[in-house]
Amino acid sequence: MLSKIKQLRWQEIATPLAAVILALIIGAGFILYVGENPLAAYRILFMESLGSIRNLATTLQRATPLMFTGLAVAFSYRAGLFNIGAEGQLYIGAFAAAWVGFTFTGLPRLVHLPLAIIAGMIGGGLWGAIPGFLKAKLGIHEVINTIMLNFIALYLTDWLATGPFHGGSWVPETARISPTAALTRLYPPTRLSTGLYLALAAAFFAYLVLWKTKQGYELRAVGLNPQAAEYGGINVARNTVIAMAISGALAGLAGTEQILGLHQKFIVRFSADLGFMGVAVALLGKNHPVGVIFAAILFGALQTGSAAMDRLTSVPRELITIIQALIIFFVAAEYLIRRMLRMKEEA
Amino acid sequence: MGEFLALLFNTAVFAAALRMATPLIFAALGGIFSERSGVVNIALEGMMLIGAFTAMFVSHQTGIPWLGVLGAMLAGLLIGLLHAVFCIHYRANQVVVGTAINIFAGGLTVFLLRHYFGAAGTSPSVATISDITLPIISQIPWIGRVIGRQNPLVYLALVAVVIANVVIYKTSWGLRLRAVGEHPRAADTVGVNVFRMRYVAVALSGALAGLGGTYLSIAHLSRFSEGMTAGRGFIALAAVIFGKWTPYGALGACLFFGYVDALQMRLQAVGVPTQFMNMLPYVLTMVALAGFIGKSVGPKASGEPYIKG
């Protein structure tokens, strides 16, 4: 029994690990292509992301939004839904949080900060609930609608932040949020904030909901087999909306953390694919909250190290984007990796 | 009001609409071939981006823009094959692979841009495909001013729509393509090679999307800049859905989206925020999917890997 569990654990970790190693090997090819030494470049990447407490703090700061978006994608995935709209939910959540942050003044911190966080969750949650509702009521696949909503959210917040809520400078951004709505910085001068605690709490929450509540049982039942779930008396439509709303709220928190912790104002198009990276993080983390945290830290480390690698070598930092994409390819093609590792396919 | 109407029917706006529609038309045709074969292709954006970069690069190296067109199509084809291998052979989730390709394309193009051309976000200016004047047509009033003088790629896009329509609806290959996308098991039973059909369709999809990207970097502009597709691959995807997976339907959608694009700068002057115009294709696609303007329903087997057995 124990050895069986051990074997299962090993199988769970083996594929992501193999995917990362394969991606790094191909990445080494790109480093050679630009005429640098892969080992030296990777050494810089490693040292500059994990080599000191300060670097580690930056890594965690970069990992924080990815934890949220990874959780968002993973949560919906467990309910059989593919939320590729984390990017849009993130923008709506971010704007909602920013709006609360710069609109109200004179509130005590104990009220203002939670209010801004809740606004971000609601914003993202509502935006996520739209495709959930359209799937539940009209049977439209969520993938197309979430893609469309990504762009709608992007342009909507673009308009809000350059139109009615423009901060007044020449830059396309809103006014700064009040200090009472800002997350506390944990390790200055790095920009790591208490948003990290929020992300860890969200992971714990996702775990509790999915595996320790009746609601989570229903969600997972729908994810495994909607027909059987419906037959067993579970309301699939209702669970579809709930799953997308919670997933959206998690993505909204990613935006919230970026605004209240990092930027302290809404900047048009600040995200740079954090939502899409969530797909990668969720996949690499095997759609489990614990896996998501580690996958997000890995991606955070790659991003942090890439800046130094870019500075100290002639390897463009976009190498990291390529490696991240390659990781997704290999994790997605589990079938391929399992065959390479000569693992038996689970029945 | 009269001025506004004059603006709506302005020949310059229509000519610009046709230009804006061109990259969308190529990519949308690519999307149709892929989806008709049963493979979801949300990687059109990435394929266009790689096409745009390759076209610029080849034109820069050789000075011959038409070689850039070929290079871009070849690059798109290779990315299409990559999509195909993972989706068809390794049975990976098609949306996940599409996302990976989009991220990969964004990273690779900037990686190469910075390696070859230094830190700036744009490439140097390269040789482009220049506009041509159609002999008789350019003399026709109004129409002549819209389509009489355009880029060869614009005309090529329109011709490609006609060809795609014939291929899909009038040839046995097209029949097999549709069969594979609707009911692969049945197609397999009557001897159609499902895998091969899908490989060819997805590779073709990549080549067409690459061609769409070409227009951006060596016809519309004369350089490649970071992320220059700016969501056009997704607008093309929207056009596929909006046009109900048919070439002429997609053409109509692309022309309409191109028109909206061409109009936005002028409407901004009268106080309509550009962001709302930008949003329109996406909003309309959601509305179309919801069935408010004739329900859009895709090929049945789209998105499902085929397991022979």
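Helix H2 of chain B covers residues 11-36, and its 26 residues should span 38 Å at 1.5 Å a residue. The C-alpha atoms at its ends are 35 Å apart, which agrees with that expectation. The model is predicted. The points below take up this helix, then chain A.

**Helix H2 of chain B**

- H2(B) has a kink of about 35° at Ala21(B).
- The kink comes shortly before a proline, Pro23(B).
- Of the 26 residues in H2(B), 21 are buried, so the helix is mostly covered.
- Here a residue is buried if 20 or more other C-beta atoms lie within 10 Å of its own.
- An α-helix has 3.6 residues a turn, so residues three or four places apart point the same way.
- Just after H2(B) comes Gly38(B), whose phi is positive, at about 100°.

**Secondary structure and overall form of chain A**

- Chain A contains 14 helices and 0 strands.
- Along the sequence its pattern is α-α-α-α-α-α-α-α-α-α-α-α-α-α.
- The radius of gyration of chain A is 21 Å, close to the 20 Å given by the globule rule for 347 residues, so chain A is as compact as a globular protein of that length.
- A box of roughly 60 × 60 × 35 Å, taken along the principal axes, is filled by the C-alpha atoms of chain A.

**Burial and contacts in chain A**

- Buried residues account for 57% of the 347 residues in chain A.
- Of the contacts in chain A between residues at least 6 apart in sequence, 78% join residues at least 24 apart.

Key. Residues numbered from 1 in each chain as written. Chains lettered and ligands numbered in written order. Predicted model: local features only at pLDDT ≥ 70, side-chain atom pairs only at ≥ 80, totals over all residues. Helix = DSSP H or I, 4+ residues; strand = E, 2+ residues; numbered from the N terminus. Rg over C-alpha atoms; globule rule 2.2 N^0.38 Å. Buried ≥ 20, exposed ≤ 12 C-beta atoms within 10 Å, placed from the backbone. Contact = placed C-beta atoms within 7 Å. Expected span 1.5 Å × (residues − 1). Bend = angle between axes of the 7 residues up to and from the residue.
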